[in-house]
Amino acid sequence: MNEQISFIVEIQNIDVELLKFEESLKKTQSEIEDSQNNLSSKELELEKLKENLTEINKKIGICELDIKSYEDKIVKMKDTQKLIKTNKEYNAIQKSIKDNEALKKKSEDEQLEFLENKDSINSKIAIIEKEIEQFSVGLSAKNEEYKESEKGLVKIKKDILDKREVVKNKIKKDYIDVYEAVKRNKGFPAIASVMKSGACTGCYRMLPPQQFNELISESVFMQCPVCSRILYIDTTITEPVPSDGKISKKHSKNKI
Ligand SMILES: [Zn+2]
């Protein structure tokens with residue numbers, strides 16, 4: 001393989017390694033972020049439940065006061081009733097007593113409902129508090145792990161970049177500029193091998209035969225006329241043999 005081309009392949013391998021390294025770093029960071037968001041949303045949920053609980057306790061208190069006030073009224077009315085002489089007055093007070101008893105019953109029912117709600121909120125709070133505790137433990141473990149590996153990660157990245165610099169310095173400026181431009185525009189691969197059939201592995205279009213022959217000579221720096229990727233013949237790849245087990249004439253002819 002042309003030496004310059006082999007350096008470009010090498011720098012591409014380093015760049016792919018760098019990309020994978022950065023992606024895995026991002027993945028860890030986003031996992032930490034997700035855990036943090038999860039924890040925050042649970043904390044918010046807990047806060048809301050506690051607010052609900054305060055509200056419910058207030059309502060329970062109000063019901064209690066109402067019930068007490070209806071009870072007092074009923075007692076008073078019953079006392080008054082004893083002193084009443086006429087049937088009409090008696091009946092009127094009797095009706096008031098019944099009305100107050102109905103109101104008292106209504107408050108008692110409401111209070112019961114609030115008490116049931118309170119129980120359910122308390123159970124939810126207990127569950128969420130447990131979840132928050134688990135999330136917090138998990139998150140601090142992840143943070144700790146990340147912190148510990150951080151120094152190692154910085155070193156790994158520096159090693160990759162140092163290695164890249166050494167290879168980059170071996171490549172002609174014109175070539176590295178083309179490589180960087182294609183990488184920027186097309187992503188990987190920026191340098192693509194050409195199959196023995198003559199197809200570019202970047203865009204899978206066939207190279208014109210003359211260009212393909214020139215490339216086989218390994219002495220030219222060439223870009224794909226369709227996708228602009230830098231081209232090379234990869235002699236390390238063994239392409240799949242046709243299913244009938246025979247190697248086509250063209251295939252064997254193009255063997256390097
Ligand atoms: Zn192409």
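Reader: Start with S228. Buried, exposed or partly exposed?
Author: Partly exposed, because 17 other C-beta atoms lie within 10 Å of S228. Keep in mind that this is a predicted model.

Reader: Where does S228 lie?
Author: In the loop between β2 (222-223) and β3. The phi of S228 is near 70°, a positive value in a residue other than glycine.

Reader: And Y204, what's its phi?
Author: Near 60°, again positive and again not a glycine. Y204 sits in the loop between β1 and α4 (209-216).

Reader: Why does Y204 count as exposed?
Author: Because Y204 has 12 C-beta neighbours inside 10 Å, and the exposed class covers 12 or fewer.

Reader: Which residues does the cis peptide bond join?
Author: F188 and P189, with omega at about -5°. P189 is in the loop between α3 and β1.

Reader: Which residues of α1 are buried?
Author: I5, F7, I8, I11, I56, C63 and Y70.

Reader: What covers them?
Author: The cover includes α2 (87-168), α3, β1 (191-193) and β3 (230-232).

Reader: At what angle do α1 and α3 pack?
Author: About 40°, with the axes 11 Å apart. The crossing of α1 and α3 is right-handed.

Reader: Which residues make that contact?
Author: From α1, Q4, I8, I11 and D15; from α3, Y175, Y179 and K183. They divide into four nonpolar, one polar and two charged. I8 and I11 are also among the buried residues of α1.

Reader: Now K118. Which helix is it in?
Author: K118 is in α2.

Reader: What does K118 contact, leaving aside neighbours within four places in sequence?
Author: L53, I56 and I60. Of these, I56 is one of the buried residues of α1. The C-alpha atoms of K118 and N57 are separated by 7.7 Å, though the two residues are 61 apart along the chain.

Reader: So is K118 buried or partly exposed?
Author: Partly exposed, because K118 has 16 other C-beta atoms within 10 Å, and buried takes 20 or more.

Reader: Last one. What domains does the assignment give?
Author: Domain 1 is 13-168 and domain 2 is 173-253. Their centres, taken over C-alpha atoms, are separated by 61 Å.

Terms used
Residues numbered from 1 in each chain as written. Predicted model: local features only at pLDDT ≥ 70, side-chain atom pairs only at ≥ 80, totals over all residues. Axes fitted to C-alpha atoms, helices over the stretch in contact; angles between N-to-C directions. Helix = DSSP H or I, 4+ residues; strand = E, 2+ residues; numbered from the N terminus. Left-handed = near helix turned anticlockwise from the far one by under 90°. Contact = placed C-beta atoms within 7 Å. Nonpolar A, V, L, I, M, F, W, Y, C, P; charged D, E, K, R; others polar. Domains from an automatic or database assignment.
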